[in-house]
Amino acid sequence: MKENDGPVVPLFPLINESGIEVKPLYTAEDLAASGGEGGIGRPGEFPFTRGIHELMYRKRPWTMRQYAGFGTPEETNERFRFLIENGQTGLNVAFDLPTQMGLSSDDPLAEGEVGRVGMAVDTLEDFEIAFDGIDLDEITVSLTINGSAVTLMAMYFALAERRGYDLARLRGTAQNDILKEFVGRGTWIFPVEPSIRLVGDTIEYCAEKVPRYSPVSVCGYHIRESGASPVQEMAYAFLIAKAYIDHVLARGLTVDDFASRLSFNFDIHGNLFEQVAKFRAGRRLWARIVREEYGARDPQSGWMRMIAGGGGGGLTIEEPENNIIRGAYYALVSALSGTQTMALCCYDEAYTIPSEKASRLSLRTMQILMEEIGLCDTVDPLGGSYYVETLTNQMEEKIRAVMEGVDGSGGIVRAIAEGRIQAAVSRQAYENVKKLERAEIRKVGVNCCRTDEEEKEHPIELHAFREEDCRRQIERLDRVRSERDGGEVERALGKLHENARAGSNVMPAVIEAVKAYATVGEVTGRLVDVYGRFREPILF
Amino acid sequence: MLVAKPGLDGHDVGAKVVALALRDAGFEVIYTGLKKTPEEIVRIAEQEDVDVIGLSILSGSHLHLCEKVEALLEARELKDKLFIVGGNVPKGDHERLRKLGVDGVFATGSRTDSIVSFIRERRERTR
């Protein structure tokens with residue numbers, strides 16, 4: 001590389017992705033001008049800017065939870081055991097698209113998709129196989145499921161109960177954030193209003209029966225991946241979380257009955273300091289919203305508990321091994337931001353389902369941070385930096401302003417139902433692509449510092465999709481259907497239909513149905529009969 | 001030009017970015033939205049009389065879906081339409097897609113201007 005090939009960084013003006021001008025130097029005056037030190041506080045104390053726990057990683061390091069799952073439940077179980085043997089402390093289950101869309105594996109629409117991007121699940125038997133030999137007390141399980149979350153959560157509770165765990169003590173998480181699916185990721189099934197109602201059913205059910213379980217993980221992550229800025233990522237996530245809270249409050253619960261079990265899922269890529277400030281500002285703002293707007297008395301209700309993961313949006317298909325280095329920096333950001341759980345997209349993820357080697361490398365990356373370089377020693381080590389504290393104040397103000405803007409134009413639920421948020425983030429994604437193509441945003445190995453020689457085939461081991469997995473899955477489904485008590489299934493599904501019609505909580509009926517080995521497709525079908533399907537507004 | 005999302009894959013950032021880029025370049029663009037079957041896509045292409053059909057597929061099921069769309073295009077005598085595909089298509093599959101009848105493959109990381117100029121050149125040639 002010639003010397004003058006290096007990055008050209010303009011001194012002024014330098015504006016970060018969140019629209020804040022970044023100065024070459026920060027002093028006490030900048031901090032004072034941005035609102036001062038009043039909001040910093042101490043970790044474990046309101047407003048939790050420095051962390052939700054007093055001792056943070058000194059007492060308990062972050063959970064490491066790589067996203068995994070593919071093919072049949074047997075294969076997925078094998079990968080789960082591999083990750084646990086290598087020191088992973090939580091599971092994050094990937095489901096195939098038919099399961100995510102509430103279809104059984106033999107549905108015509110599932111053709112070619114069974115077991116492809118995650119594990120195929122049709123009935124409770126698949127869960128029994130996938131979690132065989134895994135202690136659900138020791139390893140917390142996160143289900144990455146949204147559109148069909150009621151069914152998969154019901155299966156998890158049914159499995160836990162049958163294996164003798166006490167639901168009153170069962171921990172775990174479901175993603176179950178349907179509103180963000182309408183913005184990005186796209187696994188919606190029902191229209192917006194009944195979709196929120198189903199989320200409400202899970203929150204209400206868990207508050208009563210599974211109080212240590214986190215029924216919703218509100219995702220800024222996918223909204224950011226769809227083109228949102230870091231400020232919008234936080235603002236939209238908080239607005240969505242508030243929409244769920246408002247819905248559940250209308251059922252007569254109090255905020256302290258359930259808010260402490262809501263968690264968040266955020267994205268890390270881009271400027272390091274901007275991300276750290278985003279999380280510190282977010283923690284403070286969420287605590288303030290829950291106390292000031294909802295009158296929560298329990299401090300835990302306002303904890304912004306989060307999984308903050310290295311985002312796929314920062315990784316590149318070009319020179320994929322560079323993604324290993326990017327992942328390490330993203331994990332560093334996550335630890336500096338006081339995350340509860342960490343996950344990294346693997347370096348080969350732009351190409352394929354991660355290989356064992358790539359999954360282990362991501363895990364090792366997080367373990368090196370935890371074990372070798374002192375990140376667990378001291379809480380919020382960047383706290384007190386003029387730059388980080390100033391940026392934290394500025395980010396909080398910006399997030400609040402975006403939230404007020406959406407509230408002022410009819411609220412988040414309407415904006416999503418009409419497709420306005422989606423259109424806004426896609427246009428931003430397009431602007432970002434143009435900036436990348438003009439090299440205004442620098443990306444190593446893509447538009448600068450790249451190898452000019454003809455790129456050889458990348459050193460990526462492609463995950464093989466096997467048609468026979470699909471056949472095996474359908475064979476099992478057929479067998480389960482023939483062995484189960486058809487009358488019991490029909491009665492349970494009838495009850496479900498009745499409850500959905502009457503507007504009462506569907507969770508108990510779904511649990512009864514899955515215990516009788518009703519399929520994912522059957523449960524979804526009954527709900528579609530009552531709720532209908534979402535019609536996507538086409539705005540871009 | 002029709003930009004379509006076949007199958008169950010819900011990742012539509014790329015499809016929308018390409019649709020916006022083509023619109024900026026002067027094309028009239030129709031976007032189908034998510035989760036359309038090959039039958040629905042070909043029907044829309046026929047009804048709207050588009051010149052170009054672009055599929056965006058990120059789930060890995062591109063071979064399966066392209067084969068179906070190609071068969072429908074042949075059956076309805078719509079082979080004059082330019083058929084292109086984008087998404088995370090591994091290099092090893094590019095040739096297989098071309099053999100199936102796909103005219104152009106634009107894997108993740110392709111520049112939007114390369115898509116625009118490919119379509120322009122091919123349309124010039126067939127005029």
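Tutor: Let's start at A:V510. Setting aside neighbours within four places in sequence, A:V510 is in contact with A:V150, A:T151, A:A154, A:L496 and A:V523; contact here puts the C-beta atoms, placed from the backbone, within 7 Å of each other. Before going on, keep in mind that this is a predicted model, where local features need pLDDT of at least 70 and side-chain atom pairs count only at pLDDT 80 or more, while totals for chains, interfaces and linings use all residues. As for names, residues are numbered from 1 along each chain as its sequence is written, chains are lettered from A and ligands numbered from 1 in the order in which they are written.

Back to A:V510, which belongs to the largest nonpolar core, a group of 189 residues. A nonpolar core is a set of buried Ala, Val, Leu, Ile, Met, Phe, Trp, Tyr and Cys residues joined through C-beta atoms within 7 Å. Buried means that 20 or more other C-beta atoms lie within 10 Å of the residue's own, exposed means 12 or fewer, and partly exposed is in between, with C-beta atoms placed from the backbone. Touching the most other members of the core are A:A154, A:A237, A:V510 and A:A513. Helix α9 (residues 230-249) of chain A provides the largest share of the core, 12 residues. Helices (H or I, at least four residues) and strands (E, at least two) are DSSP runs, numbered from the N terminus. As a general point, nonpolar side chains in soluble globular proteins tend to be buried together.

Zooming out to the whole of chain A, you find 20 helices and 10 strands. Chain A has a radius of gyration of 23 Å, close to the 24 Å that the globule rule gives for 540 residues, so it is as compact as a globular protein of that length. That radius is taken over C-alpha atoms, and the rule is 2.2 Å times the number of residues to the power 0.38. Along the principal axes, the C-alpha atoms of chain A fill a box of roughly 75 × 60 × 45 Å. Of the 540 residues in chain A, 52% are buried. Among its contacts with a separation of 6 or more, 77% are between residues 24 or more positions apart.

Now for a strand. In β3 (residues 90-93) of chain A both faces are covered: A:G90 and A:N92 on one side, A:L91 and A:V93 on the other, are all buried. Strands pair if DSSP finds at least two bridges between them. β3(A) is joined by 2 bridges to β2 (residues 67-68) of chain A, running parallel, and A:Y67 stands opposite A:N92. β3(A) also pairs with β4 (residues 140-143) of chain A, in the parallel sense over 4 bridges, and there A:L91 stands opposite A:V141.

For contrast, look at A:D137, in the loop between α4 (124-130) and β4 of chain A. A:D137 is exposed, with 11 other C-beta atoms within 10 Å.

Elsewhere in chain A, an open sheet of 5 strands has the order β1-β10-β9-β8-β7, with parallel pairing. Its edges are β1 (63-64) and β7 (216-219) of chain A, each with a single partner strand, so one side of each lacks a neighbour in the sheet. Within that sheet, β9 (residues 306-310) and β10 (residues 341-344) of chain A are joined by 4 bridges, with A:G310 opposite A:L344.

Last stop, the partner chain. Chain B has 5 helices and 5 strands, following the pattern β-α-β-α-β-α-β-α-β-α along the sequence. Its strands form an open, parallel sheet in the order β2-β1-β3-β4-β5. Where the chains meet, the contact takes 27 residues from chain B and 29 residues from chain A. α1(B) gives the most to the side of chain B that touches chain A, with 6 residues.

Note on methods
Contact = placed C-beta atoms within 7 Å.
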